[in-house]
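Subject: Structure handover and findings

Hi,

Here is the structure for you to look through. Please open it alongside this note.

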Amino acid sequence: NYSPVAVIGIDSDLNELKNSIVEIASKKYQGKSAAIFMGSNDFKYAKWMTKLSPVALASWHIPHFSVSIITNDRPWSLNRLFQSLKSSVFFGDKVPISINVESTADDDTLKLVESFKEKWEARGRVSTAFRVLRAGLIRAVTESY
């Protein structure tokens with residue numbers, strides 16, 4: 001009796017039935033195989049997955065990561081970072097983002113943070129923290145963790 005190492009579902013409007021089948025299969029083999037869901041746009045970047053060992057595929061969701069951002073008054077740099085994150089391929093994984101905003105942040109930065117939160121919601125949780133006192137970069141970095 002063999003179980004699959006990974007069950008992969010491609011998410012698009014036409015594949016709802018396939019995703020249901022992938023979900024059922026992953027529940028049946030729970031703990032023995034990984035259910036990997038990715039967007040149809042992500043699939044073209046997934047060729048490297050064929051090189052992964054069975055152990056790596058079965059452990060697909062074990063490494064978790066998040067993004068922590070510290071910002072103050074450089075909206076152009078923050079916007080460039082947000083654009084980079086939006087164009088990144090995460091193969092269906094949710095990526096939580098923490099944004100720490102200095103009390104001296106300008107209006108453009110604040111608007112950008114709010115706009116990003118709304119757009120990122122489907123790809124992961126976004127939390128924001130607003131620092132009351134400005135205490136320098138080292139303290140901001142420490143507090144962001």
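Below is what was found in it, starting with the ground rules.

This is a predicted model, in which local features need pLDDT of at least 70, side-chain atom pairs count only at pLDDT 80 or more, and totals for chains, interfaces and linings use all residues. Residues are numbered from 1 along each chain as its sequence is written, and side-chain values use heavy atoms, with hydrogens and water left out.

**Overall fold**

The protein chain has five helices and five strands. These are DSSP runs numbered from the N terminus: helices are H or I with at least four residues, strands are E with at least two. Along the sequence the pattern reads β-α-β-α-β-α-β-α-β-α. Of the 145 residues, 32% are buried. Buried means under 20% relative accessible area, exposed means over 50%, and partly exposed is in between (1.4 Å probe, protein chains only). Take the contacts (heavy atoms within 4.5 Å) between residues at least 6 apart in sequence: 76% of them join residues at least 24 apart. The accessible surface comes to about 10000 Å², and carbon and sulfur atoms hold 56% of it. That area comes from the Shrake-Rupley method with a 1.4 Å probe.

**Cores**

A nonpolar core is a set of buried Ala, Val, Leu, Ile, Met, Phe, Trp, Tyr and Cys residues joined through side-chain atoms within 4.5 Å. The largest one has 16 residues. Those with the most contacts inside it are I69, F82, L85, I97, I99, F116 and W120. At least two residues each come from β3, α3, β4 and α4 (107-120). The top contributor is α4, with four residues. L85 is in contact with V67, I69, F90, I97, F116, W120 and R123, leaving aside its neighbours within four places in sequence. There is also a second, separate core of eight residues, which includes A34, M38, L57 and F91.

**Aromatic pairs**

A pair of aromatic rings is described by the distance of the centres and the angle of the planes. Here, rings of Phe, Tyr and Trp (its six-membered ring) pair if their centres lie within 6.5 Å; planes under 30 degrees apart count as stacked, over 60 as edge-to-face and the rest as tilted. The structure holds seven such pairs. W48 and W60 are stacked, at 6.0 Å centre to centre with 20 degrees between the planes. W48 sits in the loop between β2 (34-39) and α2 (54-58), W60 in the loop between α2 and β3 (67-71), 12 residues apart. W48 is partly exposed at 40% relative accessible area, whereas W60 is buried at 10%.

W60 also pairs with F91: the centres are 6.3 Å apart and the planes are at 80 degrees, so this pair is edge-to-face. F91 lies in the loop between α3 (75-87) and β4 (97-101), so the pair ties together parts that are 31 residues apart in sequence. Ring pairs also link F65, F82, F90, F116 and W120 into a cluster.

**Two residues to look at**

Which side chain of opposite charge is nearest to D42? It is R123, 5.8 Å away. D42 is buried yet has no salt bridge, defined as a side-chain nitrogen of Lys or Arg within 4 Å of a carboxyl oxygen of Asp or Glu. For charge, Lys and Arg count as positive and Asp and Glu as negative; His and the chain ends are not counted. D42 lies in the loop between β2 and α2. Beyond its neighbours within four places in sequence, D42 is in contact with V89, F90, F91 and G92.

W76 lies in helix α3. W76 is exposed, with a relative accessible area of 56%.

Best wishes
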